[in-house]
Amino acid sequence: MNRFLLKWLCRCGCATALFVFVTLCVLTSPAQNPQPSQSPLYGGGASAAPATEQTGSATAGVFAPILDSENRPITAGGFVKSGPVVFKDISAQAGLTSWKHTMGTPQKAYILETIGSGVALLDYDHDGWLDIYIVNGSTFDALDGKTQPPHAALFHNNHDGTFTNVAEQAGVTNDRWGFGVAVGDFDNDGWPDLYVANYGKNRLYHNNHDGTFTDVAETAGVTLGNWSTGPSFGDYDGDGRLDIFVPGYIHWDMNNMPLSGSKAVGFANCQFRGAQVMCGPRGLPGEPDHLFHNNGDGTFTDVSVKAGVSDKRHYYGFSSTFVDIDNDGKVDLIVTDDSSPNYLYINKGDGTFDDSSFYSGFALNQDARETASMGLAVGDYRNNGRLDLYTTTFSDDYKTLYRNDGDGNFVDITPEMGMAEPTYPFLSWGTEFFDYDNDGWKDLLFVAGHVYPQVDDHNWGTSFAERPLLFHNEDHGKKFDVIPAVEGTGLADVLPARGAAFGDLFNDGKVDVVINCLDRTPVLLRNVSDEHNHWVGLMLIGGSKSPRDAVGSTVYVTSSGLRQRSDVMSGGSFESSSDFRVHFGLGQSTSVDKVEIRWPDGAKETYQLPSVDRYYAIEEGKGLIPSVYDGIAAALSHKDSTSPRAAR
């Protein structure tokens, strides 16, 4: 009822409607915060005390520590001896540990050093195999020109389970203090380009079709210049060209660093649970968001204010994506904000957006409380054709599942799904809905890691490095169950994780995860789940009136009576960009009844697939076309017929 009251207030044009609504919710609603309690999962009790800090990040309070049977924080423990093995850490074998992320100093005295960076999966050379781009941070000495800056990595897929870093040859080392990355073919030449968001000037890397890239951000007019985070590409105005959205985080001044007790923070003492820590984001000035319209000639125009997405309140923006939330054929815009309300912008179809953040129910959680939203997952986990949302948050708070009830309305249903209690101690980042076991129902994973090194010095039930958390979709979307972390497997990796990208790196129909970790080597979690379900994957190519990479397309696959939805999206997760190919688990079904595609230009087409357990290329107006995936499917089929399935 509160949501409908707010919708009425907002439509009345009252400037104070949002304040009135939040105040009413706080004054009239009973305390509903779902609190961790004694449970077999944790083996201990917990209770909350109100948070008193005026700086730092939004949380639900201060909770008693939750430890496992060996007295470890549950975020770095709670492992089991046996159980289903879903992921295997193959980072070293794959060659990814030759590269290391670097961001500031180990002490993390400033928030600039703690946020971490993203990762992107893209087939930059059109060989049919996903490559990996990993953003690097920097150091204060590098910014001052005293040392060489850390380089970003571009790992080329060698098709044999290994990767080679070719970033220097490709010209994509960035050499700036990097945060987010998005993939998109902005000039419709058929080759994926990269937008890298930095502290300082951003980069737009144009793919030269020969294994190299050229930074064209200056001539394109998209450099900005302060602190940008998780960008995304999307065709918001339907002209067939990808535009760029760039969230802003904090307006950072190197000449006025926000150290606890300094003038930059009003002489505030920045604390977390009584311990002095770095300051922010609360108490620091926010940086506005930007939407760049693609002019079609290699340049972009900043239309943020005109389009209504400029973030006038200067919230702390993190992750973003364009996707059609209300099923009207136009991509909308979603932005997660740290310790400030989230944004949901509904596309009005005239080049502008309606800010429906509050009255949609997405701005705040069920208690009308803002969360420290880092990552963003978008997916139809109920297979009803509506996209639901999941946001990752700070420790001492639950991560939020928003159910899409249609007409742009969302409801926070996290507690009733049994997903609140397990997530409280975790500080989580990259996340995604994906079907890890190919049973036809989307599951959910997030990666985690704290921002305060000081947590390891206190018995707070959390840790600086944390393990991932994987939820399995049970009973056709009616609940999610935590998959136990089996010792020695990928789910038992304890990491200072940040960005995560999801995709099938080995073309075997299983979705893998690449994680960018703060101040350490990256992690590749290969999906080795022992299931024999079928699947199909589609690589879409847009026609003359759609973006060439088909970003903004919606795909439905029907098999054995089950109709699933997947969308081609850029950005999302946390400052990251995942596989553009849409992936569908089919369970035991050996055929696909129908493929329906709504292309970005509004065209709708239906297709038949000759078989399953492989990737197909589909071009708008032409249907299934010959592609590199034909050869890959034949080679992998031959390999499977001559070697045991278990030999991965």
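A: **A buried histidine and the cavities**

H450 is buried, with a relative accessible area of 0% (buried means under 20%, with a 1.4 Å probe and protein chains only). The model is predicted, so local features need pLDDT of at least 70 and side-chain atom pairs pLDDT 80 or more, while totals for chains, interfaces and linings use all residues. Residues are numbered from 1 along each chain as its sequence is written, and side-chain values use heavy atoms, without hydrogens and water.

H450 sits in the loop between strand 27 (443–448) and strand 28 (469–474); strands are DSSP runs (E) of at least two residues, numbered from the N terminus. Beyond its neighbours within four places in sequence, H450 has contacts (heavy atoms within 4.5 Å) with residues including F272, F394, L427, F464 and R498.

Four cavities of 30 Å³ or more are found in the whole structure. A cavity is a set of points on a 1 Å grid over the protein atoms alone where a 1.4 Å probe fits but cannot get out, and lining residues have an atom within 4 Å of a point. Volume is the space filled by probe spheres set on the points, which are joined across faces, edges and corners.

The largest cavity holds about 450 Å³. It is lined by 31 residues, of which E432, F433, S566, D567 and D579 are the closest to its centre. Strand 35 (562–567) is one of the strands that supply at least two lining residues, and its four residues are the largest share.

The second largest cavity has a volume of about 90 Å³. Of its 14 lining residues, F63, A64, D396, P425 and W460 are the closest to the centre.

Conventions: 1 Å grid on protein atoms, 1.4 Å probe; cavity = no way out; pocket = protein on both sides within 12 Å on 5 of 7 lines; lining within 4 Å. Buried < 20%, exposed > 50% of the residue type's maximum accessible area, 1.4 Å probe, protein only.
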